[in-house]
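Hello,

Here is the structure we talked about handing over. Please open it and keep it beside this email while you read.

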Amino acid sequence: MNFPVKITEADLSARVARVAAIAAKHADAVDFEGRFPSEAVEALRAERLLGIQIARDLGGEGASISEIAELCAMLGQACAAAAMVFAMHHIKLCSLVEHCDNSAWHRSLMQRIAAEQLLIASATTEGGIGGNLRNSICAIAIDGGVCRLEKDATVISYGSHADMIMITSRAHAEAASSDQVLTVFLRDQYTLEKTHVWNTLGMRGTCSDGFLFKGEAPAEQILPKPFAEIAAQSMLASSHLLWSSVWYGIAVDAVGRAQAFVRAAARKSPGAPPPGALRLAEASNLLQMVRSNVVAGLKFYEDAKDNADKLSSMGFAVAMNNVKIASSETILDIINHAMLICGIMGYKNGTPFSIGRHLRDAHSAQLMISNDRILGNTSSMLLVHKQDTSLLG
């Protein structure tokens with residue numbers, strides 16, 4: 001078997017830059033029409049970016065979470081919806097890569113994902129529990145080597161467009177709500193009956209409709225580790241880090257538009273400080289804070305990645321929660337600064353300085369998983385855990 005050559009940062013950047021150019025071309029239409037960013041996703045497939053996280057011996061390229069985060073940020077500057085689809089796909093793929101290396105069926109699936117560039121969706125929300133992904137009402141039933149599941153999934157991002165869905169449930173009918181498993185269902189193993197339509201303020205292109213999910217598949221498709229372990233050791237970190245990278249990308253583009261506006265004003269009035277210059281400096285400062293926050297979180301995760309105890313620790317959970325909270329809140333300040341700098345030209349749609357889409361997309365950040373829920377979890381952990389405040393980590 002011929003394995004892909006080792007990827008380089010320049011190679012990844014060039015590939016995602018080509019995707020970003022296509023995504024940017026269609027970003028306004030995706031937002032206005034509330035449609036799936038099909039052109040960008042097809043470009044991701046063409047550039048073979050959906051399987052880069054998978055190990056090289058399974059046909060992937062062994063990309064690190066930091067490399068994927070950089071691609072999320074680049075795509076976020078072009079089209080937030082396309083970037084979020086890419087991020088959510090790799091968040092789910094991370095669960096396979098990090099927890100299924102000893103499962104023959106899941107290794108075979110990863111080979112298929114790399115070879116065929118298959119798109120993965122996620123179904124963790126459920127009617128009756130909202131966004132509390134660590135609890136389920138539905139339970140998977142196993143009978144004679146076959147598993148069956150029915151779930152009122154109130155949100156499945158791009159569910160109608162995915163090649164497979166990874167879905168949470170209770171481990172069995174008598175299991176506690178937090179005793180969960182994660183199962184892969186391929187597209188021909190489930191049906192989706194739409195129950196809610198995704199008509200939202202922002203992130204419209206993620207097409208996160210609600211569905212009644214009904215699936216039947218071989219029981220070997222259940223991931224071999226409990227979902228509690230998967231969530232603590234990979235899903236928590238990958239979600240907060242890759243989402244934050246997308247949000248950072250949105251803010252980068254907004255600041256770029258504001259900078260272009262200030263430069264244009266400076267050319268019209270040489271020698272005089274242009275209006276908005278001080279706010280641009282403030283926005284640049286906030287943008288650097290978000291970047292530093294995400295970079296520090298990525299380093300923390302990469303350093304802890306091979307230590308299951310660290311990944312499951314309260315300290316790690318608090319750190320990842322803090323990355324998400326800080327990023328999701330600060331980007332709104334940044335984009336508001338950009339709006340004030342650009343004024344009516346930023347407020348209007350269809351100008352080179354339009355920022356309305358950025359602002360609407362950014363408002364989703366505090367809701368994916370609710371910041372109030374995350375702060376509540378963090379406050380509980382801080383009652384028994386002393387936060388690490390060392391600059392050296």
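Predicted model: local features only at pLDDT ≥ 70, side-chain atom pairs only at ≥ 80, totals over all residues.

Residues are numbered from 1 along each chain as its sequence is written, and side-chain values use heavy atoms, leaving out hydrogens and water.

The pLDDT (the predictor's confidence in each residue, from 0 to 100) averages 95 over the protein, and 98% of the residues score at least 70. Residues 1–5 have a pLDDT below 50, and this stretch has nine contacts in the model beyond near neighbours in sequence; a contact means heavy atoms within 4.5 Å.

Next, have a look at helix α6, residues 227–268. Helices (H or I, at least four residues) and strands (E, at least two) are DSSP runs, numbered from the N terminus. The expected span of a helix is 1.5 Å times one less than its number of residues, so the 42 residues of α6 should span 62 Å; the end C-alpha atoms are 59 Å apart, which agrees. There is also a kink of about 45° in α6, centred on M235. The bend at a residue is the angle between axes fitted to the seven residues ending there and the seven starting there.

H240 also sits in α6. Is H240 buried or exposed? With a relative accessible area of 1%, H240 is buried (buried means under 20% relative accessible area, exposed over 50%, partly exposed in between, with a 1.4 Å probe and protein chains only). Leaving aside residues up to four places away in sequence, H240 touches M320, N321, V323, K324, I369 and I374.

Finally, the aromatic rings. Rings of Phe, Tyr and Trp (its six-membered ring) pair if their centres lie within 6.5 Å; planes under 30 degrees apart count as stacked, over 60 as edge-to-face and the rest as tilted. The whole structure holds seven aromatic pairs. One of them is F185 with F213, edge-to-face, at 5.2 Å centre to centre and 70° between the planes. This pair links strand β5 (residues 180–186) to strand β7 (residues 210–218), with the two residues 28 apart in the chain. Both F185 and F213 are buried. Y301 and F316 make a tilted pair, because their ring centres are 6.1 Å apart and their planes at 35°.

Enjoy exploring!
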